[in-house]
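Here is a short report on one protein chain.

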Amino acid sequence: MNGIMGWMERYFIPIASKIGAQRHLVAVRDGFVAIMPLIIIGSFAILFNNFPVDTFQNFMANLFGNEWTALGGNIWDGSFAILTVLVVASISFNLAKSYGVDGLSASLIAISAYIILTPTTDDWGLSYAWTGAQGLFVGVVSALVVTEIFRLLYQSKLTIKMPEGVPEGVVKSFRALIPAAIILIAISSLQLFIATITGGSLHELVFTIIQEPLQALGNTLPAAIIISFFNHLLWFFGLHGTNILGPIIESIYLPLLEVNIQQFAEGVSAHDVPYIVTKPFLDAFVFMGGSGTTLALIAGIFLVSASKHYRTIGKLSAPAGAFNINEPVLFGLPIVLNPVMLIPFVLIPVLLTITSYLAIVIGFVPKTVAMVPWTTPPIISGYLVTGGSFTGVFLQLFNLTLATLLYVPFIRASERAEEKKQKILKNKGEDNDEHGKSKIS
């Protein structure tokens, strides 16, 4: 462990610190952190609606009727359903503020630009498919690009100057008028061009480019590794990997599961059904706590973290994480665009895919023969998906332990990188104070 930490401190942390201090990545990080209250509330609303206990579901339906889930659904509409819109506004505001330009105007223009790029439904409403997490990639990129263009135009001579005595709000509004017009015309032209060429939107174009190369995946270990790798790589860059790859995973792996279930119902042993890689294989043995096996990350935080920020995020994320809802830790730590967390977040699930596959191949664990709700907690899910085998539980415990041990050095490295960054900022502040005092004297 000391050798790993020494290598990381010498080679990895300096590079990660420089990347982590980059202006645009800081804006992205702060943008996600700003909407954390909505993410946490939204995640608990999802859990409330999908709590995987039939007794609870039946009780709520009998007490409040079949529409009882509308309470959590409305909260979802105001949080996860518009997650990308919130992120666009927050990232744009923070990036503009870092340049010392009008953050409110920048964020409003960025939202307007994003909506231009977003497909509408048949009744001219915005599609939740793209205002939610699935639109994050386009949202993050558009927020950064629009804000940069706004900053350049805002600081140029292409602005309307108001005379003295005019209220500050009016001055800022008119100063942003021409930059806003130029940006929205450019974005609208881009959307028109994409629609003319492809018949769709930028969102759909990005989705197609990422999805199509993965269409040939099948029920093999290499295929499972590729699915796991790309799912987490997409998540790291703010793309909803689970949603993007969902059509592939479901179209390939659900039919295989159905064959396993049918043969198991006919009396075939769970060890002898044909298919290893299915959707519950990934859900139960790899995505424990959500993408990135973040339940192990939360456990690692509780074991070794000294950071108040990390421990607070761990405490807030643990209840939802136990039911495989991990947006609070993904965006609160954050993991998205956090260079220190790239390696464990992407590679740990790949490793767990291999260990799980091998455990089934050698016959230690039965194949999956049941589909359980995605919110079913680990341990319970391992028992159920393997047809009631405690070896499925043992595999989950083994994978969680392995993942926790692998996350630990990166948690420490991330904390040390943050400490170094804070020291640098503190020293710069002291140097500025000394410089100011010398000028005064």
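Threonine 368 is buried in this predicted model. Its relative accessible area is 0%, and because buried means under 20%, threonine 368 qualifies. The residue sits in a loop, between helix H19 (339–361) and helix H20 (380–385).

The side chain of threonine 368 has a polar partner: the side chain of threonine 278, at 2.5 Å.

Now the surface. A nonpolar patch there is formed by Leu158, Val170, Phe174, Leu177, Ile178 and Ile182. Together these residues have about 450 Å² of accessible area. Helices H10 (168–175) and H11 (177–198) each supply at least two residues of the patch. H11 gives the largest share, 3 residues.

Leucine 158, a member of the patch, lies in the loop between helix H9 (136–154) and H10. Leucine 158 is partly exposed.

The two residues discussed one by one compare as follows.

| Residue | Relative accessible area | Class |
|---|---|---|
| Threonine 368 | 0% | buried |
| Leucine 158 | 46% | partly exposed |

Chain totals come last. The protein chain has 21 helices and 0 strands. Of its 441 residues, 48% are buried. Take contacts between residues at least 6 apart in sequence: 74% of them join residues at least 24 apart. The chain exposes about 20800 Å², and carbon and sulfur atoms supply 66% of that area.

Technical notes. Residues numbered from 1 in each chain as written. Predicted model: local features only at pLDDT ≥ 70, side-chain atom pairs only at ≥ 80, totals over all residues. Heavy atoms only, no water. Helix = DSSP H or I, 4+ residues; strand = E, 2+ residues; numbered from the N terminus. Buried < 20%, exposed > 50% of the residue type's maximum accessible area, 1.4 Å probe, protein only. Polar contact = N/O pair within 3.5 Å; in protein donor to acceptor, adjacent residues only side chain to side chain. Patch = residues over 30% accessible without salt bridge, like charges linked within 9 Å, V, L, I, M, F, W, Y side chains within 5 Å. Areas by Shrake-Rupley, 256 points an atom, 1.4 Å probe, with all protein chains shown as cover. Salt bridge = Lys/Arg side-chain N within 4 Å of Asp/Glu carboxyl O. Contact = heavy atoms within 4.5 Å.
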